[in-house]
Each structure stands twice: as structure tokens, then as C-alpha cells.
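User: Please take a close look at one helix and its surroundings. I would like to know what it packs against and how the neighbouring part is arranged.

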Protein chains: 2
Amino acid sequence: MNHPAPPTDLRTRRPFPAELLAELKAAFPERLSTAEAVRTHHGRDESPFDPLLPDAVLFAQQTDDVRTAVKLCARYDVPIIPYGNGSSLEGHLLAVEGGLSVDLSGMNRVLAIDAEDLTATVQAGVSRKTLNEALRDTGLFFPIDPGADASLGGMSATRASGTNAVRYGTMRENVLGLTVVLADGRVIKTGSRARKSAAGYDLTRLFVGSEGTLGVITEVTVRLYPQPEAVSAAVCSFASMGDAVRAVIETIQLGVPVARVEFVDALAIRAINRHSNLTLPESPTLFFEFHGTEASVKEQAETVQQIVADHAGSGFAWATRPEERSRLWNARHNAYFAMLQLKPGCRALTTDVCVPISRLAQCVVETEADLRNSPLPCPIVGHVGDGNFHVAMLIDPAKPEELAEAERLNSRVVERALRLGGTCTGEHGVGLHKMGFLVDEHGSDAVDVMRALKHALDPGNIMNPGKIFSYSRAAS
Amino acid sequence: MNHPAPPTDLRTRRPFPAELLAELKAAFPERLSTAEAVRTHHGRDESPFDPLLPDAVLFAQQTDDVRTAVKLCARYDVPIIPYGNGSSLEGHLLAVEGGLSVDLSGMNRVLAIDAEDLTATVQAGVSRKTLNEALRDTGLFFPIDPGADASLGGMSATRASGTNAVRYGTMRENVLGLTVVLADGRVIKTGSRARKSAAGYDLTRLFVGSEGTLGVITEVTVRLYPQPEAVSAAVCSFASMGDAVRAVIETIQLGVPVARVEFVDALAIRAINRHSNLTLPESPTLFFEFHGTEASVKEQAETVQQIVADHAGSGFAWATRPEERSRLWNARHNAYFAMLQLKPGCRALTTDVCVPISRLAQCVVETEADLRNSPLPCPIVGHVGDGNFHVAMLIDPAKPEELAEAERLNSRVVERALRLGGTCTGEHGVGLHKMGFLVDEHGSDAVDVMRALKHALDPGNIMNPGKIFSYSRAAS
């Protein structure tokens with residue numbers, strides 16, 4: 001199952017008729033661009049793949065703009081690619097068949113904060129940090145935190161999560177409802193603000209994780225949480241990855257309601273030490289965060305400290321005051337950029353497997369042995385409470401053999417995760433890059449079911465075509 | 001939006017060819033029945049609707065039996081109605097177009113308990129109590145508890161929840177993966193045992209809540225939880241429903257991780273007193289349960305006690321020892337049967353609305369005023385931490401005017417809940433009975449999207465036809 005890198009040629013590009021461009025310009029005189037710099041910016045994401053440019057970019061300001069654009073594009077059989085903050089990692093935004101990029105970053109209004117119900121409704125371009133800024137005086141927060149300051153529309157579309165998912169869940173659990181523009185221009189609202197419902201098919205969950213292939217998400221209603229009365233943090237080091245991961249497994253199995261537990265390997269710690277001029281022990285390290293009442297976070301930290309000691313962890317330091325917590329966690333927060341500096345000028349190709357937690361130690365230890373034989377620097381970080389970890393394979397974008405080596409390593413990691421009952425992607429999504437693995441994971445019949453759903457909602461294949469799975473209009 | 005009662009005539013019944021019966025008998029010589037008593041048992045559920053009998057009943061023992069039956073029925077255009085434990089409440093099991101009832105209760109094997117991963121995989125006929133029996137020595141439990149001892153397949157199909165959902169979520173959050181037999185006989189596995197995944201469309205969540213209309217669920221993988229170190233319970237009374245509900249709202253908004261909080265109104269308490277020969281104060285009552293460490297459950301109970309006092313609650317009694325907890329909670333556990341005895345020979349038509357918690361007090365208080373003017377006894381119980389409550393409207397099944405009155409009251413409750421941003425069904429599902437309300441809730445475009453998904457997976461409409469929404473094969 002060594003799948004090739006995604007297509008980067010233009011053979012499948014569809015025509016973008018001048019009449020469509022004229023109609024779009026007439027409808028959006030101030031907000032349509034065909035400038036190459038704008039198109040280049042919208043034809044790539046944070047993946048290492050070369051950009052594939054859309055033909056034009058629309059800066060949408062409201063759901064009705066999206067509806068108008070979709071109706072026009074549908075008439076001319078032209079693709080629509082929703083664009084949030086450009087932070088996806090698997091080539092989701094590349095215009096493999098050309099088309100119109102619909103930039104939703106201007107749809108950045110927080111429409112409602114219902115503090116009593118612990119919900120907020122936002123336009124899809126609102127980023128997670130913008131939402132949390134808006135919540136500052138409410139005593140509430142929105143916990144989902146992918147590394148980037150992604151938009152809530154994009155986070156919904158990729159079923160994102162991050163460091164808090166072990167306690168608060170992912171976008172799957174935290175989106176209550178959506179406004180979606182369908183491929184024929186109809187606008188639907190899914191879900192409600194009720195905490196649960198058994199009223200018909202779960203359209204919300206169908207669009208969460210659909211990566212723009214079924215419709216354009218323009219508004220999102222999410223769950224909020226009371227800011228915990230107390231927060232404490234802890235950091236500790238281990239002799240081996242296996243020891244660190246086994247401490248996490250025991251923590252989860254005991255039901256300690258840990259809010260975050262992050263793993264950083266020795267190479268990533270070395271990167272952080274260089275980047276931030278620190279002297280942390282260069283060994284596998286766990287970062288914990290506990291949320292609750294004063295008494296409860298103390299109790300959680302003490303329980304975890306005992307577990308860590310049982311697994312020969314050392315240097316368990318814990319802190320409750322904000323500035324001390326920041327000091328402990330800064331290393332983790334800076335890990336991504338620190339890792340990139342291990343190899344100047346590099347880009348990272350990042351694995352994203354997630355396995356049942358009983359298999360996590362085996363998966364990480366086997367992966368580590370594999371990486372040891374590779375010429376690429378490959379630091380590892382992970383949201384290990386979920387069984388999810390990332391290998392950042394640092395490649396020189398000018399050297400195709402390094403991309404090939406990274407793809408080889410990635411294939412082996414995915415193959416291992418699937419063999420252990422896991423998934424090829426815990427939180428980044430499929431995009432262009434994992435289309436082959438999706439079939440390995442679910443089987444061709446299940447992927448055919450996905451194709452049938454796509455056909456039901458977007459028979460003309462104008463919604464972000466060429467992503468998640470191959471789809472032929474003729475064959476369906 | 002006063003929607004009529006569901007169809008109970010046989011005009012839409014499809015032919016059940018003798019050739020099909022012969023083929024089914026040949027394939028399942030020991031496990032096919034056409035006895036009227038068996039068909040009657042399988043043509044109804046716990047709703048007050050008259051039975052509509054299937055033509056035959058298959059007692060399946062494995063996924064492959066279901067596959068064989070579906071393939072045969074598909075060839076002859078005959079409906080398939082999955083049957084778990086018969087405890088659905090909205091007419092889900094009535095054979096409105098005739099067909100084959102596939103009884104999965106014999107598929108009652110627990111296939112795997114992965115204690116380290118906090119997951120279990122079971123055949124669809126395993127009931128929640130059977131699963132918890134199997135878990136007894138593992139220190140783990142499965143929390144979802146609809147009133148009946150429902151099957152996990154049926155609970156998945158209706159997106160069930162129960163008293164623990166406020167802490168542990170519903171079937172939506174707790175099903176990790178499914179084995180499903182599709183309408184053409186293909187068998188797919190959805191999801192994985194990983195705690196999260198972003199790998200393609202969320203087929204698991206599509207089938208959870210699909211009420212047998214998209215396929216037959218034959219195996220279910222669910223999340224398990226460590227049994228809490230300590231459990232405590234509390235009960236207290238209030239002068240008014242509004243006070244009780246406002247105490248709940250404050251508890252949720254403060255983020256107290258209460259495991260259960262159940263509301264029982266004065267009439268239901270009166271029923272319980274009669275039924276169990278008790279002398280509880282006949283006023284609106286809350287039952288709480290707290291899960292955690294010893295220190296944490298104590299802290300939770302103290303916080304809630306203060307909130308209760310702020311809302312003029314009285315008689316706050318709390319207990320940690322199992323027998324004391326049972327004594328406090330017995331009243332709640334017996335509520336349903338106690339309520340039925342308020343009116344000998346009655347059946348209950350039960351509302352199931354769920355609203356954003358800020359609207360719960362308004363919704364309950366307005367509903368109470370409405371019920372006061374009705375001739376029917378209408379006790380109220382509720383999973384109020386979720387914003388979900390049930391009015392049990394007790395009707396004499398021999399009196400159509402009482403069913404009409406109950407339908408009138410139900411329509412008013414649903415209309416109120418939708419106006420307040422809620423849903424017509426929190427946990428019972430749509431079945432036959434809420435098809436009209438589904439359109440009121442989601443709008444016809446969203447219901448058309450559901451229809452398009454149905455068409456994609458079951459174009460011949462053999463999977464539990466006539467449920468959730470109207471569907472015409474010709475029109476799609």
C-alpha cells in the first residue's frame with residue numbers, strides 16, 4: 001500500500017468560461033480576484049505539495065454570496081473550493097480541476113453567544129482564537145485547538161481536534177449545527193441548539209469531515225465549556241518512549257479526566273532547546289494539563305505523579321499559577337516551529353495516525369525503530385491520550401528523493417496503524433494525500449458508499465473535486 | 001402543525017410472493033416463522049399504535065443470515081424491518097408495507113471486550129444489561145440507559161440515550177463503529193476502534209439514528225468507561241417546577257460534572273408513592289447522581305446542595321453507600337410503571353422534546369400550564385441536564401378521543417420546543433409518529449437531503465419503508 005504522491009499536473013483541469021467570469025464580476029464587482037498572487041495564495045495549503053491555482057478567488061461576506069457563486073459555477077460545471085485560513089495539511093485546497101476558490105475569511109462575525117446554553121454560532125471564517133477572544137468576558141471557552149489558528153468552517157470540514165480532545169472531544173462532538181450551501185445552491189440548516197436530538201439523519205455529522213466535497217459550510221454552532229475553576233500543568237521525562245506511552249495508557253484507563261496529555265520525543269526536545277535556548281533533558285517527555293476545581297486538579301496531579309513514578313518517569317514538575325504553567329508548556333507550544341528549524345529551509349510532511357490506546361506503545365516504538373534507519377530528521381509529537389501522534393518528516397522541497405523517502409515512511413506508519421486497528425488520519429483529514437489509504441482503511445465497499453452519498457448531493461462533482469476519493473461523474 | 005396520527009391501514013402493503021417465502025424457508029428451515037402470534041409480536045412496539053404485521057419473521061443468528069435475507073428480499077422488492085428488543089416508542093417496528101421482520105435478538109454474543117482500550121464489540125441483539133453483565137469483572141461499564149433493556153443495535157438505530165447522557169453522551173458519541181448490511185446485500189464496516197478519526201465521511205454517524213431505513217446494523221463497537229471510584233446520590237424537593245429546573249440550569253452552567261440529574265413532577269411522585277407505598281413530598285423533585293473520586297463526589301454534592309438551597313429546594317438528602325443510593329433512586333427507577341398505574345389499563349403516549357437549557361424552564365412551565373387544562377393524567381419526568389423531558393399522556397386505548405387529545409397536546413409541546421430552538425425528539429427517534437414534525441424542525445430542503453441519502457443507499461426502498469420521512473420510489 002505504498003500510494004503515490006497526489007497528482008500535480010493539470011490534465012484534469014476544467015474550462016473556466018469567460019461568461020462565468022463576467023457573471024461573477026458583475027455579481028461581485030469588488031470582491032473577485034484573478035490576480036496570480038491571490039490565486040497562488042489560494043492554490044496551496046500547509047502541505048508540502050506544489051500549488052495548483054484556482055482560476056479566480058471570491059471573498060465572500062455572507063451565506064448569500066456563497067449561494068450566488070455556487071449557482072453560477074453549477075451552471076458552468078466549474079469547481080468550488082472553500083477556503084478558510086489555508087492551514088490544512090493534506091492538499092485539501094489545491095485546485096486540481098481548477099475552479100473558483102471561495103475565501104470565507106471575511107465571514108468573521110460571531111453571530112451569537114448563548115452563554116446560558118453554552119453555545120456560540122459563528123460565520124465559518126471565524127478562527128478559534130477569534131472566538132475565544134469574543135468569549136473572554138463570559139467565563140466560557142471553546143476547547144478545540146488544532147495547531148494553526150484555523151477557521152471554524154475549516155475545522156468542521158476536516159473534523160479537526162488538537163490537544164484538548166482527550167477531555168473535550170473533537171469537532172465531531174462539538175458542532176451542534178451548520179448552515180450549508182449545497183451544490184445546487186439550496187441552503188440548509190442542520191441540527192439545533194439542543195444538546196441532543198434523534199430527529200432524522202445526522203446531517204451535521206455528514207458535513208463535519210466532508211472536506212468541502214458535499215457543500216460549503218457558512219455558519220457553525222458549537223458547544224462551549226465553563227472555564228475551569230483551576231488549571232494545573234505538569235511535565236516529566238522518561239527513559240524510553242515505551243515508558244512514557246505506557247504511563248499515558250494507564251492514566252486513561254484509570255479514568256483520570258486529564259484535559260491534555262502531549263508526548264514530545266527526544267529529538268523534538270533537542271529542537272526546542274536550540275530554538276528557545278533551554279536545557280530540558282533530551283529524552284521522551286510528557287506534558288499534562290488538568291482542569292477542575294482546586295481540589296480536583298490537585299488530586300489528578302497526584303494520581304498522575306504516582307503513575308509516572310511507576311513507569312520510571314523523572315523530574316515530575318507541576319504548577320498551578322498561570323506564569324509557571326506557561327513556562328512548562330511553552331516548550332510544547334513551540335515544538336512545531338522549533339522542529340522545522342532542525343533543517344533550515346525544510347518543509348514537513350506529517351503523519352497523523354491514531355490507534356486504539358492499547359496498541360499505542362507498540363505503534364510508537366516500531367515507528368521509532370523505523371525512523372532510526374531513515375536519513376530524514378523525524379521528530380515525533382503526539383496527542384497520545386487519544387492514541388494519535390505525528391511524525392514530522394523534514395524534507396528539502398527541492399529534493400524529490402526526500403519527498404519519496406517521506407512518502408515511504410508515511411506509508412509504513414499508516415500500514416502499521418491500520419494493522420493495529422487504527423486510522424490513517426486522526427485529525428488532519430484525507431485531502432489529496434490519503435485517498436489511497438482511505439480504501440485500505442475502510443474497504444472499497446465502504447468508500448463506494450461514500451461515493452454514493454457524494455453522488456446524491458453533488459452529482460456534477462463541483463464541490464472540491466478530486467479530494468477524499470476518486471469520483472467519476474460518468475461512472476456514477 | 002397538528003400532524004395526524006400515523007397511517008394504520010394496509011393500502012400500501014406490498015406483495016410477499018410465495019417464491020420468496022419458499023426461498024427463505026429453504027435458506028432458514030429452522031428459523032423462519034409465519035405464525036400469527038409471532039408476526040403480531042413483531043408488528044408492534046411500545047407505542048400505543050395498533051400492530052401492523054410483517055408477513056414473516058426471521059430469527060437471525062449472524063451477519064451472514066441478514067445478508068442472505070436482504071438479498072432475497074431485494075430481489076422480490078419486499079421490505080426488511082430490523083427488530084431488536086421491541087422497545088421503540090414511535091411505531092418504528094410496524095410493518096406499514098408488510099415484509100420480513102428480521103429479529104436480531106438471537107445475535108446476542110459479546111464478541112470482544114478490549115478493557116485496555118475501553119471498547120467492546122457486540123452483536124446487535126446484545127442488550128445494554130447483558131453487556132454490563134459481561135463487563136462486571138472488568139471494572140468498566142457502558143453508561144447509555146434508555147428505560148427499556150434495549151438492544152445495542154436498536155439503541156444505535158434510534159440514537160438512544162437516557163439518564164447518563166448529561167455526563168457520558170448519547171449513542172452518537174459512544175458508537176465507534178458498526179457492521180451494516182446494505183440494501184443490496186453488501187456488508188460494510190464503519191469506523192474503527194481508534195478514539196477519533198478524520199478518514200472520510202462519517203458513515204458511523206449516518207447509520208446511528210437512521211432507524212433501519214439505510215441498512216441493518218448487525219454489530220456495534222462502543223466506548224466503555226471505568227467504573228467511578230465513588231458514586232453518590234442526592235434527592236430534593238422544590239416548591240415549583242421552575243425552581244427545580246433553574247437549579248439544574250445553574251448546575252450545568254457551572255460545569256459541575258453531574259452524572260445524572262432527573263426531574264420528576266408532583267403527579268409522578270404521587271404515582272410513585274402509591275405504587276411503592278412511600279410518603280415522598282408530592283412536589284417537583286430532582287434526583288442527582290455524582291461519579292468521581294471520593295473527594296470529588298463530596299465536592300460536587302456540596303456545590304449542588306448550595307445551588308439547591310439558592311432555589312429554595314428542601315430536604316436535600318445525599319448518600320454514598322450503595323443501599324442508601326438505591327433507596328433514594330428507587331422512586332425514579334420505578335416512575336414509568338408507577339405512572340401507568342395512575343390509570344389502570346392505559347397506555348402512554350410520550351413526548352420527547354429537548355430544548356436549549358436556557359429555555360427549559362419556560363418550556364416546562366408553559367407545558368405544565370397546558371396540561372393542567374387537559375382531562376388526561378399527564379405526569380412529567382425528564383433528563384433535564386440535557387434539556388430533555390417526557391410528558392407521559394395516559395390514554396385509554398379503546399377511546400379514540402383520548403388518543404386525539406394526546407396528539408393535540410403532543411403537537412403543542414413540539415411546537416413550543418421548536419419555537420424555543422429545540423428538537424421534536426431528544427432520544428426516541430421519529431419512527432412513524434414524528435414524520436410531520438421532522439419537516440417543521442429541519443425544513444423541507446433538509447428533509448429532501450435526507451431523502452436523497454436514502455435514495456443513494458436504498459433506491460428500492462426496502463429498508464424499513466414508511467419511517468422518518470415519506471419516500472416515493474417513483475419520484476426520486
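Predicted model: local features only at pLDDT ≥ 70, side-chain atom pairs only at ≥ 80, totals over all residues.

Analyst: Start with helix α15 of chain A, residues 400–419.

Now the buried side chains' positions. Glu402(A), Ala406(A), Leu409(A) and Asn410(A) are buried in α15(A). After α15(A) comes Gly421(A), with a positive phi near 85 degrees.

Follow α16(A) onward. Its axis and that of helix α17 (residues 444–457) of chain A come within 6 Å. They cross at roughly 120 degrees. Angles of 65 to 115 degrees count as roughly perpendicular, and α16(A) and α17(A) are therefore oblique to each other. On the α16(A) side, Leu438(A), Val439(A) and His442(A) make the contact. On the α17(A) side, Ser444(A), Ala446(A) and Val447(A) do. The residues of this contact divide into four nonpolar, two polar and no charged.

Last, the two chains. A rotation of 180 degrees, with 0.0 Å of shift along its axis, superposes chain B on chain A with an RMSD of 0.0 Å. The two copies are thus related as by a two-fold rotation axis. Of the interface residues of chain B, 100% are also interface residues in chain A, so the copies meet through the same surface.

Note on methods. Residues numbered from 1 in each chain as written. Chains lettered and ligands numbered in written order. Least-squares fit on C-alpha atoms with pLDDT ≥ 70 in both. Contact = placed C-beta atoms within 7 Å. Helix = DSSP H or I, 4+ residues; strand = E, 2+ residues; numbered from the N terminus. Expected span 1.5 Å × (residues − 1). Buried ≥ 20, exposed ≤ 12 C-beta atoms within 10 Å, placed from the backbone. Axes fitted to C-alpha atoms, helices over the stretch in contact; angles between N-to-C directions. Parallel < 35°, antiparallel > 145°, perpendicular 65-115°, else oblique. Nonpolar A, V, L, I, M, F, W, Y, C, P; charged D, E, K, R; others polar.
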